Amino acid sequence: MHALRLLPASLVLAFGLSACGGSGDSTSSPTTPTTPAASASSGVLVDDLVVGATVFCDDNGNGALDGGELSAVTDSLGAYAFSAACSGRLASVAGTGYDLTTLKAPPGQFIAAAGSMVVSPFTTMKVVSGLSDAEFQTVLERLGLSGVDVATFDPTKDSARATTAAAIAKILVDIAELSADTGGNPAAAFRGAVAAVAEQVRGSGASVFASDSGLQALVQAAALGGLREGNKGRDTLDETALANAAQLAAQGLAAIAQQTRSAASLSAARDLISSNAVRTLISQVDLKDSTQVSVARTRLADTSALTAAQYVFVTGDQVQIAPVSGQLTTATLAQFQSGLTLSGQTLATLDYVKLPIDATRLAIPKKGAGLTLGIEIENTTTGGILQARLSGVTLLRDETDRVRAQIESDAGLHLYMKTGAGIEIGTGATPFADLSSNILCSCSDGVGIDLQKLAAGLRKRFPDNTTLIDRVLTETGTFRVRMVGTGADLRQADGTRLGVSRITVRTPGSTVTAAEVGGVSIQGRVTF
C-alpha cells in the first residue's frame, strides 16, 4: 500500500470540484441485429457517454495499447475518431475519462468486435461470452434488451431501453468498484462480472427483472464471478468474506437496479446510478464477522435510505481565499462565478485557496474515492496562463467524521505556465512526483494549495525561469478561473448539480497534450 499524507478535504478546492452529469433522453425505434462491418474509423464509448477516455484499435487482441496501434480520445459526446480505419477489435483503456452520470472513470475495459460503432458493457459481454449471435440474442432478451444490436446500441439515444441498460451497467460497474474497495483488481472484476452475467442469464430461462429473487440471483452470480476474478493473485478475500460480499451486493444492488429500471428516464435515475450507497455499506463491514454482516443486511433492507441521493457537497457554498497579509475573503460560489475583486493582491501575494466540503452519510466508501483534479487560471487581457493537474488524491471520511483528502506518495502534478508574451515552461508529460511540503501545506483551519510554497517549488525546479514565473504570478487584471475534478459527485450544499468541463494541460513548445482532466467544474473570475 502506498504511503499517504492526510489532508483536509478543503485541498480539493485548489483544483476544484463540483458535480453534474447525465445525458438527455430521446426515443429511437428497435434495431435489428446486423453483422458489424469489417472495419470502422469512428464510434462512441458508452456506459452513459464516457468523455476523455482513450479508445484504441487492438490489432493483436491482447487488450493493451501497443506502439503503432491507432488510438483516440473521446470528446464531450463520447465520440472518437481514428486517423484511419480499424480492422481489429476495439477497446478502451480502463480508468480513463469519466462517465457523464457517475462522474467517475469506468473501472473496467470495454471491448467490441471489429466494425462496431459503439463500445459498451454490452459489446464487452458479447465478446467475453463467446456466444453466437443467436445465443447472445437470447441473453439480451432475458436482460430486457430484445432486438438490440450491441454493435450500434447507444442507450443514451434509446429512451425505451435506456434505464434497463443503465441498471445492468450499474451492477457491473459497482461490482468492479467493490472489488477495488476490498483490495482487488477492478478491471479483472469487471470482466469476470460481465462473463458471469452472460452465463447466469443464459441458464436462467426467464427475464431477470421478472422477480426480485431472479434479479438477486443474477447479481449474486455476477458478484461472485467478479470478486473472484478481481481477487486472483491478491487473496484479500477468503471464501467466507467473498460469499458474504456477494450476498450483500445481491441484496443492495438488486434493489438499486430494479428502481433504476423503473425510472421514467436516465435523468430521473441519475441519483441511483451515481450512488455509492451499497459500496459504502459493504465497505464498513468485517466480511468475516457474521454479526456485522447481519447488521449490514438490515441496513440494506431499508430501501428508502439505500436509494436516497448520495453526494459530496460544498459546505455553505463557500470559497475562501487567504492573502499572505490582510483579510480572508469568503465568497459564495455564485459570487465567485460573477467575479471577485481582490484589490492590492496578485497570485504572488495569495497564501491559499480553500473549499470546505462535506458529504451525505453513504456517499464515500470507507477506503475513500479516488480523485484527479485540475485548475486553469488565465489572464483575460494578456493571455498569460497557469494550468495544473493533480492525480493521486483520495477523498474519505476520517475518524472524526470530517471529509478529508489524502494525497498518495506517488501522486503526480503536471504544470504549464505561459506569459502574456508567449514564453512557456512546464513539466510536459512527466509530472512532478515529489509533492512535499515545498508544494503542499496545511493551513491553520484546513489544507489547501499553499500558493507561496508552490511558487517556491516552481522556482527551485525551474531555476533558469524564475523571472518568467514571477511575471505570471504578479500579473494584474481579470483572471478566468476554471477548476475541474473527476471521481466524486460534488454538488452545491442543497444538492443542486453543477456543470462539467475539461482542462488540457499543455506542453511547452508543442501542440502535444501533457495531461488532461475532465469532470465536474467550478468556474469563476477574479480581478487583481
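This is a predicted model: local features need pLDDT of at least 70, side-chain atom pairs count only at pLDDT 80 or more; totals for chains, interfaces and linings use all residues.
Trainee: What share of the chain is buried?

Mentor: Buried means under 20% relative accessible area, exposed means over 50%, and partly exposed is in between, using a 1.4 Å probe and protein chains only. Out of 528 residues in the chain, the buried share is 56%.

Trainee: How many salt bridges are there?

Mentor: Look for a side-chain nitrogen of Lys or Arg within 4 Å of a carboxyl oxygen of Asp or Glu. By that rule the count is 20.

Trainee: Which residue does D181 form a salt bridge with?

Mentor: The closest N and O atoms of the pair are 2.9 Å apart. D181 sits in helix α4 (residues 162–181) and its partner in helix α9 (residues 277–283), so the pair links distant parts of the chain, 98 residues apart.

Trainee: Are R459 and D470, which form a salt bridge, buried or partly exposed?

Mentor: Their side chains meet at 2.8 Å, N to O. R459 is in helix α13 (residues 451–461) and D470 is in helix α14 (residues 466–473), 11 residues apart. R459 has a relative accessible area of 30%, while D470 comes in at 28%, so it counts as partly exposed.

Trainee: Does the length of α7 fit a helix, or rather, what end-to-end distance does it have?

Mentor: The expected span is 1.5 Å times one less than the number of residues. Helix α7 (residues 239–262) has 24 residues, so it should span 34 Å. The distance between its end C-alpha atoms agrees, at 34 Å.

Trainee: Which residue has its backbone nitrogen reached by a side-chain oxygen of D238?

Mentor: A polar contact is a pair of N or O atoms within 3.5 Å; within protein, one must be able to donate a hydrogen and the other to accept it, and residues adjacent in sequence count only if both atoms are side-chain atoms. Here the oxygen of D238 comes to within 3.2 Å, at the start of α7. As for the helix itself, 17 of its 24 residues are buried. The residue at the other end of the contact is T240.

Trainee: How do α2 and α5 sit relative to each other?

Mentor: Axes are lines fitted to C-alpha atoms, for helices over the stretch in contact, and angles run from 0 to 180 degrees between N-to-C directions. The axes of α2 and α5 come within 9 Å and cross at roughly 75 degrees. Angles under 35 degrees count as roughly parallel, over 145 as roughly antiparallel, 65 to 115 as roughly perpendicular and the rest as oblique. So α2 and α5 are roughly perpendicular.

Trainee: Which residues of α4 make the contact with α2?

Mentor: Helix α2 (residues 121–129) packs against α4 at about 65 degrees, with the axes 10 Å apart. Contact means heavy atoms within 4.5 Å. From α2 the contact uses P121, F122 and M125, and from α4 it uses A165, I168, A169 and L172.

Trainee: Where does N379 lie, and which residues does it touch?

Mentor: N379 is found in strand β17 (residues 369–379), and at 1% relative accessibility it counts as buried. A polar atom of its side chain lies 3.2 Å from the backbone nitrogen of T382. Leaving out residues up to four places away in sequence, N379 touches G384, E475, T476, T478 and F479.

Trainee: What is the phi of L103?

Mentor: Most residues other than glycine have a negative phi. L103 lies in the loop between β8 (98–99) and β9 (111–112), and it is buried at 0% relative accessibility. Its phi is positive, near 65 degrees.

How values were computed: Residues are numbered from 1 along each chain as its sequence is written. Side-chain values use heavy atoms; hydrogens and water are left out. Helices (H or I, at least four residues) and strands (E, at least two) are DSSP runs, numbered from the N terminus.
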